[in-house]
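Thanks for making time this morning.

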Amino acid sequence: HGPYQPHEPGYGLYQPGYSPYDDQIPDLNSQKLAIENAKAYLLESSTVSGLNLYDHLANMLTKILDERPTNAVDIIENISKDVKWAQFQKKMDTLRDEHEILPTFEAAEKRKALFLRANGEGAEELEEDIGETPLPNVMETAFYFEQAGIGLSKDESYHIYLALKNLITVHPIQTCRFWGKILGLEMNYIIAEVQYRDGEEEEEEGEEEEVTEEEEKGMGEIEEEDEDEEKEKDEPPKSTYKPPPVIPKEENGTGANKYVYFVCNEPGKPWVKLPPVTPAQIVCARKIKKFFTGRLDAPVVSFPPFPGNEANYLRAQIARISAGTQISPIGFYQFAEEEGDEDEEGGRDTFEENPDFQPLPVAEMVDSLSTWVHHVQSILMQGRCVWLNPIQKSEEEEDDEDEEEEKAEEPEELQQEVGPPLLTPLSEDEGIQNIPAWTAQPSTNLIPHHAAAILQSNRWPGAYAFASGRNFENIYFGWGHKYSPENHSPALPPPVQAEYPSGPEITETTDPTVEEEQAFKAAQEKALAAEEEEEEEEEAAEDDEEEDDD
Amino acid sequence: MEAASLPAGLELVAGGGAGLSPEKRAVLGSSLLLLQRDYRFERVWFWGCIQGVRGAYYIAEGLGPDRAAPRSRLYSLNCVEWSLLPPATKEMVAQAEQLKGRFQGDPSFEYENPEINAEDAEGLIEDSKELLIKEEARLVATIEQIDRAVGIIPRGAFVKTPLGSVHENRNFEGLSLTEAKKLSSYFHFTEPVNLKNKTLLEKADLDPSTDFLDSLEHDVPQGSWTVQLEKGGTVVVLRSLLWLGLTFYHVPMTKQYGYVYFGTGEKNLDLPFML
């Protein structure tokens with residue numbers, strides 16, 4: 001009697017030696033043979049991969065018993081896959097692995113370099129400058145902003161701290177401030193606001209001016225040659241278009257160019273100086289809205305076409321944000337006492353710290369916006385902080401041309417643009433629709449004793465300011481754009497310009513039709529015939545007269 | 001992001017300048033745990049914070065056994081007391097899309113719906129309730145829109161069982177650095193829309209247990225995600241340009257990932273002009 005098969009009626013009846021858990025082959029020797037056959041089958045190498053099931057199962061079970069994951073039966077397939085995958089990793093390190101340089105390692109090197117102090121020089125300078133250093137206390141500022149939930153991680157703040165220290169040792173800087181961070185598509189910008197020591201202005205400015213003058217002279221020569229050639233040919237009517245006069249940028253150290261800005265993509269990378277901003281760039285930046293890519297030399301493709309590349313656009317946005325959102329508690333800054341300056345156009349533009357400043361309690365700073373003032377001049381519609389009449393300048397420059405024509409075609413007189421004066425309180429700031437320009441909150445409602453007053457700008461989302469006692473600071477974290485509840489609609493292209501005045505010699509007339517031509521001919525012939533008759537009559541009359549006279 | 005990984009996650013997301021104060025972080029540690037206990041969630045995610053003009057909303061989401069099921073959403077004004085939000089309906093979303101401007105910060109604030117045609121006005125004069133939309137409804141609709149549009153997870157982080165429910169993949173070890181920089185390694189964690197439009201050839205390469213969601217590759221407009229390596233290249237941070245303020249982080253070759261929203265809750269409709 002062999003073991004019962006499942007379809008036979010005796011199957012399953014428990015009989016000694018025949019329970020379902022007994023091996024099917026009762027004989028011991030044939031049992032051993034069966035085991036060896038089974039093992040030989042398991043040890044068969046696969047023709048495809050060279051592995052064999054026996055080793056694979058052994059490895060898998062070893063791994064499971066070593067690691068003891070929970071619910072191993074649910075992930076058994078993945079464990080099997082992992083064991084197979086591990087076969088393909090060569091345990092012997094080849095040279096290729098060693099040479100794999102991840103970009104992360106390079107970045108780590110740069111960051112580590114921040115922490116190394118330059119030997120020799122570093123030690124000497126420390127002794128001299130411990131008293132006064134333009135280096136701002138970035139960590140202290142970060143602490144106050146963190147109370148409001150604003151700011152970068154402590155690691156990054158510390159890296160920026162060290163990067164600013166590097167900046168100061170390289171350039172002759174009087175004051176330095178961490179302005180903020182602007183996010184971009186490929187990389188971000190970390191921005192430092194800096195003021196040079198007096199008299200240490202860069203010599204690069206002079207070089208740039210010389211280069212432009214040479215270019216202009218070269219252009220002038222080329223233009224004269226062209227004009228000579230053209231006079232010989234028949235010229236089309238000249239256009240009467242005169243481009244509006246270029247408004248010159250403000251001097252370094254005043255107005256929108258009061259501070260110099262340095263940017264870098266990551267702490268550890270070298271700082272790059274941004275060029276000063278021109279009014280045309282600010283006027284254009286107001287009309288466009290583009291993301292920053294993170295590369296300073298990227299072109300800004302927009303309409304109206306932006307006069308510059310991304311470095312200029314970045315500088316223009318920084319200027320607008322600073323003008324709109326840099327604030328301080330009232331009384332911290334005061335005007336220098338010089339009465340002669342009051343009559344000057346454009347108001348005062350210099351201020352100094354007030355030594356008698358009494359900080360107001362935090363509750364007052366939060367409740368009323370008139371306890372804060374702007375300490376950066378606002379930018380006028382023209383693009384400058386101090387209004388400049390462009391017409392006067394253009395008259396001086398263009399003396400060569402006919403002055404009579406100039407004065408006759410003078411455009412309507414430009415009115416002087418006036419903006420809010422320096423140190424205006426925030427309560428004068430206009431809101432957008434029904435949203436106030438600033439949102440004020442204390443940093444914590446639970447512990448009012450040590451709270452700081454936090455202001456967030458609603459016109460430039462990302463601009464924050466805090467004040468706590470004598471400490472205050474402004475910062476910007478964002479994408480660099482102004483808030484507008486309406487969708488951005490780009491400027492329409494200007495209407496097509498009239499090229500030349502239309503006159504009779506230029507306007508086309510329709511050619512006469514055949515009938516008109518024939519009618520004209522007939523009329524002409526009639527007229528000729530009529531004239532001949534008249535002449536004949538006159539001749540006849542004259543002949544008669546002559547005959548009479550004789 | 002997972003409530004348990006909140007402290008570490010906030011450090012990694014802080015590159016955008018937005019985060020939480022120490023006070024909020026401290027209280028969230030305990031209040032999210034209590035949420036899990038009270039509502040019997042299996043997982044609690046801290047979704048983020050929507051800044052209103054006068055106050056901010058802090059949002060948390062709770063997940064049940066099937067991670068892809070509709071999630072329960074809760075909001076709080078101070079991170080201590082949480083209120084359950086009603087589930088989002090299509091009408092809510094449609095109405096909220098017409099609203100513009102900032103959130104006010106007061107959940108009972110009512111918006112007047114200004115965009116009504118003359119024809120609609122006649123029909124709606126009878127139901128004057130429809131003209132007013134509460135800020136709470138707008139909040140629900142905005143969160144739903146953001147989750148549906150830009151809530152993302154790395155590929156392989158979740159796995160679909162043959163029964164249809166979705167679980168975390170315990171074998172997920174993290175994306176490699178090269179994979180992490182590609183947009184195709186991230187999926188929208190919502191009902192897939194484009195999956196059935198793929199060609200048969202593409203579908204043959206997909207693994208139905210892990211590739212059951214839409215990837216970010218074909219998002220419109222192209223370029224609406226920025227992928228950056230921060231902290232010296234150790235963290236991959238994705239930021240959405242369509243909903244400014246949504247940040248996703250992942251540390252390659254580890255299990256750490258998550259997304260969080262810190263922003264004003266407004267869609268960036270100027271995106272095509274800005275790219």
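Predicted model: local features only at pLDDT ≥ 70, side-chain atom pairs only at ≥ 80, totals over all residues.

Glu42(B) has a relative accessible area of 37%, which makes this residue partly exposed, a class that lies between buried, under 20% relative accessible area, and exposed, over 50%, with a 1.4 Å probe and protein chains only. Its partner in a salt bridge is Arg67(B), and the closest N and O atoms of the two are 3.2 Å apart; by salt bridge I mean a side-chain nitrogen of Lys or Arg within 4 Å of a carboxyl oxygen of Asp or Glu. Glu42(B) sits in the loop between helix 2 (22–39) and strand 1 (43–51) of chain B, and Arg67(B) in the loop between strand 2 (56–63) and strand 3 (72–76) of chain B, so the pair ties together parts that are 25 residues apart in sequence. Arg67(B), for its part, is buried, at 5% relative accessible area.

Residues are numbered from 1 along each chain as its sequence is written, chains are lettered from A and ligands numbered from 1 in the order in which they are written, and side-chain values use heavy atoms, with hydrogens and water left out. Helices (H or I, at least four residues) and strands (E, at least two) are DSSP runs, numbered from the N terminus.

A second salt bridge joins the side chains of Arg155(B) and Asp211(B), at 2.6 Å from N to O. This pair links distant parts of the chain, 56 residues apart, with Arg155(B) in the loop between strand 7 (152–154) and strand 8 (158–160) of chain B and Asp211(B) in the loop between helix 7 (200–205) and strand 11 (225–230) of chain B. Arg155(B) is partly exposed at 36% relative accessibility, whereas Asp211(B) is buried at 6%.

In chain A, Glu146(A) and Lys154(A) meet in a salt bridge of 3.4 Å, N to O; Glu146(A) is buried at 17% and Lys154(A) partly exposed at 45%. Over all chains the structure holds 22 salt bridges.

Finally, the helix. Which residues are buried in helix 3 (residues 90–97) of chain B? They are Met92(B), Val93(B) and Ala96(B), and because they cover an arc of only 95 degrees around the axis, they lie on the same side of helix 3 of chain B, the arc being that of the directions from the helix axis to the C-beta atoms. On the other side, Lys90(B) and Glu91(B) are exposed.
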